[in-house]
Amino acid sequence: MIEIKNIKKHYGKHKVLMGVDFNVEPGEIVGILGENGSGKSTLLSILAGLQKPDAGFFNMDGKDMLKNTKFRNDMVAYVPQETPLIPELTAWDNLRMWYSSDKLKKELKDGFLAMLGIDQFIKVPVNQMSGGMKKRLTIGCAINSSPKLMLLDEPTAALDLVCKERIYTYFEQFKRRGGSLIIATHEVQEIELCDKCFILKEGLMTPYRYDGDIPHLIGRL
Amino acid sequence: MVSFKDYLLIQYKRIFKLLPGIVAMILVVAVLLSGAGFAIIHSDTYSAEKQRYKLGVVGDTDDEMISLGVYMLGTLDESRYMIELVEYEDEEKAKAALRQADVSAYIVITEEFSDALNAMTNDARLKYYATSGQKGISNVMMDEIALIATNIIVNSETGICTLRDLMKEEGYDKDIRHEKVNDMFMTYISALISRTNITEVTELGLAGGLSTPAYYFAGLMLFFMLLLSFCGISYFLGVKDARHKFMKSKGINSACQVLGEYIPFLTINIICVIIIIALLTIAASSGFLTSEELEAMGFNHLHELAVKLLPVSVMFSALGFMIFELLIGVINKILVAFMLYIGMGYVSGYFYPKTFFPELVQKVGEMIPTGVGFSYFSAVLQNNPQGMYLLGMFFYTATFLLIAIWARKQKIR
């Protein structure tokens, strides 16, 4: 069980988050919707430990994730919007930073990395990869410690349909194994994938049930 | 969880992938700077500087005594090895020559001066003209030359004139007067020639006692080390904030990130310095650089030099790292760093002696990182104590890295 309570954050006079509350159950995908600049990325960066909130709690299985940084680093995987990969190195080299050689081989054979199809381009340098390959590899790097929660900032933006489908399949697998996902997104396909959604507006989160009515969604944002 | 060691290793892996390009750039920069250094040391200007300064002489040289003085100064006196006298018909021509740097200064011997000399009143002065500006080594030298010229022309010839006039007053015959005056000339010439034995010409240091080749070598070497950061510019390109954020989310904080990237960057810079030292060694062993030339540059053992340059490399690498961390965009990085390096190097005397600048600028030039590096390297070349400079470089290195860490934190936010 993941509890996020009263998260507040401001930059100077600008209040970005004014008390964000929501819970995430194991095996649940939560979508965070909102306009650009509404604070989605800020919220994810706080949960990923990139910056500290002004106030609030972030607990997982009863542990304070804002204080237990080692536990958080292992249990939370953060996938930023842009690629964090090292372009001069191959997929193998990038992954080797996060995996032991034996574990990497095993994962590439029949683990999550194989599920992501990374084994097919393991020797390709990142600067020769497509956007979809990079995204899959980033996810592969992020999940090295078998996390329970994945934070994804617009994970399939600008990817082709085949690639999106592959990543969604992986999300389903991750979810089935008891993992939770928090996705900041604008993509309808991703919203449909979510078990519950929230709209982040003016620093506050409000639950939103998406029923395929896009004009209604736009009106709420 | 990933450790600092893992991060460091991946950065080493990354920078070594870029190494061929980096080495190619180093060689280009090294060839260009070697060419510049070679040109300076073997240039006509330098050779001329090393041999003689040209002094223009304008005016009434028809006077027997003055023409003799000028002749002796140009042919017999020890100063002839430093001074070449060039006679001009009028002052305008001398002035034009001074403007075109054909002469370093000129002396005007006026008619009043000749008359005063013959009348032994000594109430007229030689007029000495030199280029304006701050006192550089040339100006100092020219002051000395003017002094020599004045001494020889005024004092010695006044003595000869005195003898001639006294003998005339005492009623000596013209033949006897000529004989005695000629004897006096010969005694004077003998005295001038003997100056060769009592003087020892030593090349004055350009800065802090460094010889001209050592000074230029130090300046070029340090400027080259500044430019080394450009060779590794590819290491800083294509790095997105997302990577820093991702690393932070994995437990690698800003300080670890900066150090983990700085150490490989420093390693590459040190490798570059070693390559240059190796090239110098090859040049020395193949006879391209003679042992005399090496000694003139201030060192004999090149491998020692590589070790001694290490602290400078540490500081300059930190400076480059900080600049590239603070700035966004490749054009910005290169332009700002280049302008900064040129400015800092110039003020610290890498291209011209610091004495050209006002005192305040000189002080600033000595205190900024490039100046501290130069003072340290000068001390190394002269085997002087280097403790204070090492401390200064350590302070700057720590400051640059702390600023880089702060900048990284801002990017991760």
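Which helix of chain B holds B:I270? The residue sits in helix α11, which spans residues 254-285 of chain B. This is a predicted model.

## B:I270 and its surroundings

B:I270 counts as partly exposed because 17 C-beta neighbours fall inside 10 Å.

Next, the contacts. Setting aside neighbours within four places in sequence, B:I270 touches B:L310 and B:S313. B:V312 is also worth a look. The C-alpha atoms of B:I270 and B:V312 are 9.9 Å apart, with 42 residues of sequence separation.

## Chain B overall

Chain B is built with 18 helices and four strands. It has 413 residues, of which 33% count as buried.

How much of the contact set in chain B comes from residues 24 or more positions apart? Counting contacts with a separation of 6 or more, the share is 75%.

## Chain A overall

Chain A has nine helices and 10 strands. Its 221 residues include 42% that are buried. Of the contacts in chain A between residues at least 6 apart in sequence, 70% link residues at least 24 apart.

Now the dimensions. Along the principal axes, the C-alpha atoms of chain A fill a box of roughly 45 × 40 × 35 Å. The radius of gyration of chain A is 17 Å. A compact globule with 221 residues would have a value near 17 Å, so the two agree.

## Strand pairing in chain A

Which strand of chain A pairs with β1 over five bridges? The partner is β4. In chain A, β1 covers residues 2-11 and β4 covers residues 55-60, and the pairing is antiparallel.

## The β4-β5 hairpin

β4(A) and β5(A) form a hairpin, with two residues between the strands.

Key:
Residues numbered from 1 in each chain as written. Chains lettered and ligands numbered in written order. Predicted model: local features only at pLDDT ≥ 70, side-chain atom pairs only at ≥ 80, totals over all residues. Pairing = 2+ DSSP bridges. Rg over C-alpha atoms; globule rule 2.2 N^0.38 Å. Buried ≥ 20, exposed ≤ 12 C-beta atoms within 10 Å, placed from the backbone. Contact = placed C-beta atoms within 7 Å.
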